Amino acid sequence: MSKIKIAAAVPLFMALILVGCGDDGQEQMWYSETLSAPEQANYETIEAQEGEYIRTTGGSLHVYYPISEELCWEEDSIARFREILVRKGDEVREGDAIATFDIEVSRADREEITLSLERKAENLRLGKEERLSAIEKAREAAEELSNHELRIAQLKIAKLETEYEQFVYQSEKEIARLKKSLEDLGIGTENLMLEEKAANDTLFAPFDGVIDSVMFYNPGDLMTKDSVLVTMHATDRFYLAADNGFDALRYNMDVTVEAGKKNERKTYVGKVVAVPSVLPDAISGTRALIELYEEIPTEDLGTSLQYQYNTEELQGILVLERSAVYPDNGKNYVYVLEGDMVQKRYIVPGLNNMNEIWILDGVSAGQTVIAD
């Protein structure tokens, strides 16, 4: 700043000389409008002009998957852990096997169903014999009848045959149900298809997704309905989550997101779609959710995610580069270039960011300010 100091000192020195040489009794002048300007210095200057002022801030993000689930053994039958078939980070499809179990059934349950099956089979045998015998007797009796009486007898025979068919159908249906129950309990499974057997002792993925965590169990551990085996999330829907402890992010606000490796960072544009004030209490916390307008590669989601948004945005105000403003005991000033003369001018600053400062007073649009 030596150039500025020299330029400002020359007029002051010349004014003092004029005071010493003045005539007695005449008003002394502190400056002369005819004073020669100093030699033109090679200043770097900027023009104060109206524009826009933007201040940004941001932070880090993490990926939030809204569809997630804890997978447990939820059947009524007693099961003991056998094997986990997945690992953390595995991608699975809907219906893929997650874990297998050994099903336990009490002897009393087996004996009760077996006894019921034997009774139903015996009732079917005896019921068929009884009904077939009644039908045969009705046919023999009808052979001795004629005309109207024969017609009535034939209708009774048809009714007996219908009752026989219904009895056989209902009995065989109940026997089939009991046999299936025994098969589900592990009795007589030699005739079951492999996929039917697997369905009784296997836990399956409910949707396409990724395994987040796998719990540790020893083979033989008893499984209950609150025993979580794995947690997983669906990958077809996600948000970017940011901490919003000071409610800085607002609903529907535009944000930019940076993602990718160090030398290959990419910029994506999105908006805030949920903030704590509009989320249910159960999931609100201090998290704001951001949705991107465009697709982002899966590999970029695994990198450092940063977001940025405008905290202040003003239009049509006077702004200067911060490098042109100097502090002075709590005040601020600039050097204004008027023609070939330099003038120190105190200003009233407003908001500022890393590059610019808002000028409230002290400089007018179109004035030239020294920037170096």
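Of the 372 residues in the protein, 29% are buried, where buried means under 20% relative accessible area, exposed over 50% and partly exposed in between, with a 1.4 Å probe and protein chains only. The model is predicted, with local features requiring pLDDT of at least 70 and side-chain atom pairs pLDDT 80 or more, while totals for chains, interfaces and linings use all residues. Residues are numbered from 1 along each chain as its sequence is written, and side-chain values use heavy atoms, leaving out hydrogens and water.

The protein contains 5 helices and 20 strands; these are DSSP runs numbered from the N terminus, helices (H or I) having at least four residues and strands (E) at least two. Strands count as paired if DSSP finds at least two bridges between them. Strand β8 (residues 209-214) runs antiparallel to β5 (residues 91-92), joined by 2 bridges. β8 also pairs with β10 (residues 228-233) in the antiparallel sense, over 4 bridges. Within β8, V210 is the bridge partner of E91, and V210 also stands opposite H233 in β10.

Q367 lies in the loop between β19 (356-361) and β20 (368-370). Q367 counts as buried because its relative accessibility is 17%. Its side chain makes a polar contact with the side chain of E338 at 3.1 Å; such a contact is a pair of N or O atoms within 3.5 Å, and within protein one must be able to donate a hydrogen and the other to accept it, residues adjacent in sequence counting only if both atoms are side-chain atoms. Leaving aside residues up to four places away in sequence, Q367 touches I46, E47, A48, V336, E338, R345 and G362, contact meaning heavy atoms within 4.5 Å.
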